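Please read these notes beside the sequence and the structure, which are shown first.

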Amino acid sequence: MFHTRKWTLFATLLTLVAVILAACGAPADTGNTTASASPAASASAAASAAPESPAASASVAASASPEASMSPEASASAAASGAATAGGKLEIFSWWTNGGEADGLNAMFDIYKQQHAGVEIVNATVAGGAGTNAKAVLQTRLAGGQPPDTWQLHAGRETLSYVQAGQLEPLTAFFKEQGFDQVMPKLLLDQITIEGEIYTVPVNVHRSNMMWYNPKVFQDNNLQPPKTLDEFFTVAEALKAKGITPLAVGGKDGFEASHLFESVLLATFGPQDYTNLWTGDATAWADERVVTAIDTMARMLSYANEDRSARSWSEAAQLVLEGKAGMTIMGDWAEGYFLTQNAKPNVDFGYAPSPGTDGNFMWLSDSFGLAKGAPDRDNGLAWLAVAGSKEGQDAFNPKKGSIPARTDADKSLYDEYLQSSIAAFASNTLAPSAAHGAATTNAYQQAFHESLEVFSSDPTDTEGVLAALTEAVADLTR
Ligand code: GAL
């Protein structure tokens with residue numbers, strides 16, 4: 001069982017979060033958690049995609065609080081005032097402090113500064129991957145009525161967390177005026193549309209289920225990147241025998257274990273049954289494959305570095321780059337990190353879908369919203385115009401390690417990994433990330449991250465993590 005002290009600490013943290021969330025208004029929600037056969041169609045059909053709320057969003061809409069929506073007139077006036085910015089400030093809140101993430105953000109700032117020289121950009125970042133720290137700070141600010149103008153959030157059910165708390169201004173008219181509805185795939189439009197209103201501007205698509213490996217280590221030991229979980233354990237055993245840490249895992253940012261676990265779940269359940277885990281139906285978690293996945297995770301951790309709670313995701317990736325570890329499983333922001341280390345794809349680092357998930361693309365999308373009551377509203381809208389533009393996305397994504405949310409990007413600006421990701425997004429079966437808000441609320445993510453980090457520190461406690469995950473299901477619908 002988990003040590004009582006650990007649970008007391010987490011219980012205290014959870015209570016704190018609950019208090020903060022309660023102050024923001026506890027949302028009750030549903031969401032679109034359908035695995036999608038994808039979208040060569042969806043991508044190329046973007047031009048004709050109807051931005052109107054589809055069935056899935058309609059069900060989301062049914063439970064959204066009416067106060068959360070502004071009138072269409074207000075939304076339209078948001079559009080009207082989007083063009084001119086005379087001066088003042090623009091505060092952008094994110095957790096992009098690391099390697100390629102910060103570089104990508106700065107590339108968009110440069111464009112903004114060229115267009116709006118008189119505006120002072122306040123880059124409000126709170127370090128910590130997946131926003132584990134940033135989101136707590138943001139909630140406190142929102143609860144205290146001191147929002148930044150715009151903040152980073154994930155398309156999908158995470159957006160609903162903010163909409164239901166009445167914290168985001170609808171952007172429908174602005175979005176259409178900018179023509180973004182003509183160039184983004186239906187998948188994304190569905191995820192940002194709630195009760196018929198569009199709430200955020202997606203800037204990218206990331207892939208969660210990626211494995212990064214050291215090609216030299218593999219070559220020297222005559223190994224192939226594992227395609228299945230069984231192959232993973234064969235390769236892991238071979239690397240261990242050579243004194244090389246088979247799998248680098250972080251934990252310092254508080255999301256690395258849940259990130260690994262969602263790939264294990266996808267490999268164990270397949271895309272549709274995996275997707276059904278996030279509908280809020282607790283019976284899905286009674287499936288015996290959940291225990292299989294937890295056991296697989298424990299076995300993987302037995303091949304991982306022991307200092308994981310002291311390493312961030314990028315420090316784990318660094319072990320792979322240096323050949324001290326063979327593999328790591330991380331979203332493709334790891335590619336953004338590798339690029340900042342002057343590493344080249346298929347030379348200094350190799351990549352493959354995480355074992356057992358070939359043909360599936362577990363997606364997430366970073367987007368930006370406009371605070372209701374934004375102190376510098378026009379400057380905020382001007383930022384959203386950059387974030388959604390072709391120029392902005394083609395400056396941001398090649399550095400960030402993500403593919404553009406727009407379908408009209410200049411592919412020649414993207415390296416071979418990203419070009420392969422663009423192709424995979426168009427042809428693979430899509431499944432939403434749970435650790436990064438595509439399928440889950442903020443409250444659920446908190447519980448998911450914490451229960452898996454505790455498990456990562458004590459991978460013998462199958463019952464404890466199973467109980468915590470089962471309990472967390474309630475957070476999927478609030
Ligand atoms: C995700 C986010 C990515 C990247 C990652 C690690 O939640 O969507 O853009 O920032 O966390 O920090």
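**Notes on strand pairing and helix packing**

1. In this predicted model, strand 2 (residues 89-94) and strand 3 (residues 120-125) pair in the parallel sense over six bridges, where strands are DSSP runs of E with at least two residues, helices are runs of H or I with at least four, both numbered from the N terminus, and pairing requires at least two DSSP bridges. Within this pair, Lys 89 stands opposite Glu 120 of strand 3.

2. Strand 2 also pairs in the parallel sense with strand 4 (residues 150-154), over two bridges, and here Ile 92 has Thr 150 of strand 4 as its bridge partner.

3. Five of the six residues of strand 2 are buried, so this strand is largely enclosed by the rest of the structure; buried means under 20% relative accessible area, with a 1.4 Å probe and protein chains only.

4. Strand 2, helix 5 (residues 99-115) and strand 3 together make a right-handed β-α-β unit, that is, the path from the first strand over the helix to the second runs clockwise when the strands point away from the viewer.

5. Helix 12 (residues 256-276) and helix 13 (residues 288-301) pack at an angle of about 140 degrees, with their axes 10 Å apart.

6. Residues are numbered from 1 along each chain as its sequence is written. Local features need pLDDT of at least 70 and side-chain atom pairs count only at pLDDT 80 or more, while totals for chains, interfaces and linings use all residues, and side-chain values use heavy atoms, leaving out hydrogens and water.

Technical notes: Buried < 20%, exposed > 50% of the residue type's maximum accessible area, 1.4 Å probe, protein only. Axes fitted to C-alpha atoms, helices over the stretch in contact; angles between N-to-C directions.
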